[in-house]
Amino acid sequence: MSGRLIVFEGIEGAGKTTQIRHLQAHLETLGYPVLTTYEPGGTALGQQLRAMLLHTTQPLSDCTELLLYAADRAAHVDHVLRPAVTQGQIVLCDRYTDSTLAYQGYGRGLDLATITSLNQIATAGLVPDLTLWLDIPVDVGFARLHSRGRLDRVEAAGRAFHERVRRGYTALWQADPSYRQRLEGTLPELDLAAAIWQVVQPHLPLPPADSN
Ligand code: T5A
């Protein structure tokens, strides 16, 4: 069975982690081999990069931030994503290349063509089979995060930044909807899980023969 790379994207608090858990459980019930992972931090090296990116108290320029995300992705692709897809796993990845375009490109204002080139270097051509963009208003995301009571460095960047990021996701989806799917992230959790399943199902290989 050939694997799949399914990516979840969206602003902070969009519900990616929650929906990845629902989809993982459903896929495993059907007998699919599933790997869940995330960026930044999906490798041992990536964990160190994640700590720097999200929690450093040192000055971090936009360019340094961009390159650290790219380094995290290169390691993730080499050691986790490509091997898992090659082995036939359904990989559910929390954030990937569109995050860098949305956050560092539209959010920070770095050059989109440069980021696209860097994404190509970091991924060596591993593109998602499907990218699910869970779209929520920034106010909703902030309310969810505040009720959770924790803001990291990027979350603390402010409302205007996150509005630009959301506009970035909109622009990316409008520019190439062939593998990107927008989902209404404000739906109740289980309704959204059902909507995601409707989108994902046609992209899956046949379930393993010995599954129920
Ligand atoms: N970043 C990352 C970049 O800037 N560039 C890059 O290239 C990459 C890869 C990662 C940060 O790094 C940045 C983006 C991020 O700022 P992170 O800690 O991994 O940081 O943060 P997120 O990926 O944003 O994870 P979050 O946990 O903040 O958001 P999720 O996973 O989208 O949301 P989730 O599922 O944890 O839910 C948040 C809350 O909402 C509730 C949940 O119970 C939870 O309390 N919720 C719902 N409530 C109502 N209705 C629903 N449908 C709900 N779904 C979830």
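Helix α5 (112-123) makes the greatest contribution to the lining of the second largest pocket, with 5 residues. A pocket is an open set of points on a 1 Å grid over the protein atoms alone, with protein on both sides within 12 Å along at least five of seven lines; a cavity is a set of points where a 1.4 Å probe fits but cannot get out, and lining residues have an atom within 4 Å of a point. The model is predicted: local features need pLDDT of at least 70 and side-chain atom pairs count only at pLDDT 80 or more, whereas totals for chains, interfaces and linings use all residues. Residues are numbered from 1 along each chain as its sequence is written, and side-chain values use heavy atoms, with hydrogens and water left out.

The second largest pocket holds about 280 Å³ of space, a volume being the space filled by probe spheres set on grid points that are joined across faces, edges and corners. Its lining comprises 17 residues, and Thr97, Leu101, Thr116, Asn119 and Tyr179 lie nearest the centre. Both α4 (97-107) and α5 supply at least two residues of this lining. By class, the lining contains 9 nonpolar, 6 polar and 2 charged residues (nonpolar: Ala, Val, Leu, Ile, Met, Phe, Trp, Tyr, Cys and Pro; charged: Asp, Glu, Lys and Arg; polar: the others, Gly among them).

The structure also holds 1 cavity of 30 Å³ or more. The largest cavity contains about 30 Å³ of space and is lined by Glu9, Asp98, Thr131, Trp133, Tyr169, Leu172, Trp173 and Arg180. Two or more lining residues are given by each of β4 and α7 (159-175), and α7 provides the largest share, 3 residues. The lining of the largest cavity divides into 4 nonpolar, 1 polar and 3 charged residues.

Five strands form an open sheet in the order β2-β3-β1-β4-β5, with parallel pairing. Strands β2 (34-38) and β5 (180-184) stand at the edges with a single partner strand each, so one side of each is left without a neighbour in the sheet. From one strand to the next, the twist averages 20°. Pairing requires at least two DSSP bridges between two strands; β1 (residues 4-9) and β3 (residues 90-94) run parallel and are joined by 5 bridges. Phe8 has Asp94 in β3 as its bridge partner.

Helix α3 (residues 62-86) lies across β1, β2 and β3 and runs at about 160° to β2. Helix α8 (residues 189-200) lies across β1, β4 (130-135) and β5, at about 155° to β4. Contact means heavy atoms within 4.5 Å; axes are lines fitted to C-alpha atoms, for helices over the stretch in contact, and angles run from 0 to 180 degrees between N-to-C directions.

The structure contains 11 salt bridges, each a side-chain nitrogen of Lys or Arg within 4 Å of a carboxyl oxygen of Asp or Glu. One of them is formed by Glu12 and Arg95, with the closest N and O atoms 3.7 Å apart. Glu12 lies in the loop between β1 and α1 (16-29) and Arg95 in the loop between β3 and α4, so the pair ties together parts that are 83 residues apart in sequence. Arg95 also has a phi near 80°, a positive value in a residue other than glycine. The peptide bond from Glu39 to Pro40 is cis, with omega near -5°, and Pro40 lies in the loop between β2 and α2 (44-55).

Conventions:
Helix = DSSP H or I, 4+ residues; strand = E, 2+ residues; numbered from the N terminus.
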